[in-house]
Amino acid sequence: MGNAESNPEDLANTSEGLSGLSEARKVLSDDGKKKNHVKNQKDSFAPTQEDEHDDDEDEPIPDLSSEENKEKLKKLIATVPEDVTNRDLAKFICEATLRFRKGHFLSAKERVKNYFEWRKKYLGGYEVQNLNENPEVLAVLKSGLIRLAPVVDEKNRAALIVQLKRHTPTKTSALTVLRTWHYVVMRALRKASVQHSGIVMVGDLGGAGFSNLDLRIPKTILGAISKNVPLRVHRICVIRPFMILRVLLPIFKPFMSQKIRSRLVVLPDPSSKEQGLAQHLDVGKLPEDICGTKKEFNHLATVESWEKEDSKSSAASGSSKKEKEGETDNNDDGNNHAGGGDSKRK
């Protein structure tokens, strides 16, 4: 699954986050270790079935109701490990991966295998993530560190918004942030359009300092995106960067495929009409604190709705519980069936 992965036990340690200018300078100044580190990462992005497959985002969403794709889906589900007893989850991940890989079976099979190995390693198993049973994840969501905007462009992609200033590495572990990121990704992936066309990641560095920086988090997330989670990253927009970006880019480039690097844009002034977020996203769908214009964007109301959904799921029995993380909603009308910032809820 690539050399970029970290040990879950290490990620659970809150004392190992990179917090402080002196530590950051040490990372950058240690040229010997840095060169050796980059050398050790050369095999992380070796060619795979996925790299050989055409990644044209203009292709239509695969019709999984066709006889050909029904057969592919059936065969793909059969490859899921037997210890994944939640077969609704197995079907959901296989559907998402087939759309992600544009119906290409061999690359989808590779990704499905990697995902369930990754999930067992970092989530500890295949149980549905439930906010009522994960108070640490719920706390991160309520902090606003990671938010979801469900529809941000004409392809109905979603946006994951991360505000670094809301993270304190000494209080919240990298593992908790990773699990929170996964929870939000699973919410976004309920939409067929997101499974196919992907997401935009918006990293807001405004107001952040080295005390907010934990180098393990982006490194581990990049590893997950690269080979494990069935998630297409259409664009990474870094807004309001400051000197912290000088630390981040040299360290994380070894963990980024050429494809991901080509999709990275740095936007010093996200409000600029010529060189801001409006060039990449519909700012009318984004919150005002990142220079969007959606006044009714209400992240806390969304988290509350997710919490209520999970509470109902806990009270239900059998397959009803599994469906909450194992069902694709094909309605892409923008009325967000996965949460994501609207104060009005059905």
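In this tour, a residue is called buried under 20% relative accessible area, exposed over 50% and partly exposed in between, with a 1.4 Å probe and protein chains only. Helices (H or I, at least four residues) and strands (E, at least two) are DSSP runs, numbered from the N terminus. The model is predicted, so local features need pLDDT of at least 70 and side-chain atom pairs count only at pLDDT 80 or more, while totals for chains, interfaces and linings use all residues. Residues are numbered from 1 along each chain as its sequence is written, and side-chain values use heavy atoms, with hydrogens and water left out.

**Stop 1**

Begin by selecting strand 3, where 5 of the 6 residues are buried.

**Stop 2: across the strands**

Select residues 146-149, which make up strand 1. Ile-146 and Leu-148 point one way, Arg-147 and Ala-149 point the other way, and all are buried. Strand 1 runs antiparallel to strand 2, joined by 4 bridges; Arg-147 has Ile-161 of strand 2 as its bridge partner. Ile-161 in turn has Val-202 of strand 3 as a bridge partner, and 6 bridges join strands 2 and 3, which run parallel. Strands 3 and 4 are also parallel, with 6 bridges between them, and Ile-199 is partnered by Val-233 in strand 4.

**Stop 3: the largest cavity**

Next, select Val-162, Met-201, Gly-203, Pro-218 and Leu-248, which lie nearest the centre of the largest cavity among its 28 lining residues. Elements giving two or more residues to this lining include strand 2 (158-163), helix 9 (174-188) and strand 3 (199-204). A cavity is a set of points on a 1 Å grid over the protein atoms alone where a 1.4 Å probe fits but cannot get out, and lining residues have an atom within 4 Å of a point. The volume is about 630 Å³, taken as the space filled by probe spheres set on the grid points, which are joined across faces, edges and corners. The lining divides into 23 nonpolar, 3 polar and 2 charged residues; Ala, Val, Leu, Ile, Met, Phe, Trp, Tyr, Cys and Pro count as nonpolar, Asp, Glu, Lys and Arg as charged, and the others, Gly among them, as polar.

**Stop 4: the nonpolar cores**

Select Phe-116, Trp-118 and Trp-181, the residues with the most contacts inside the largest nonpolar core, which has 70 residues. Helix 9 supplies the largest share of this core, 10 residues. A second, separate core of 15 residues includes Ile-239, Val-265, Leu-267 and Leu-277. Such a core is a set of buried Ala, Val, Leu, Ile, Met, Phe, Trp, Tyr and Cys residues joined through side-chain atoms within 4.5 Å.

**Stop 5: an exposed residue**

Finally, select Glu-136 in helix 8 (residues 135-143). Glu-136 is exposed, because its relative accessible area is 55%.

Methods:
1 Å grid on protein atoms, 1.4 Å probe; cavity = no way out; pocket = protein on both sides within 12 Å on 5 of 7 lines; lining within 4 Å. Pairing = 2+ DSSP bridges.
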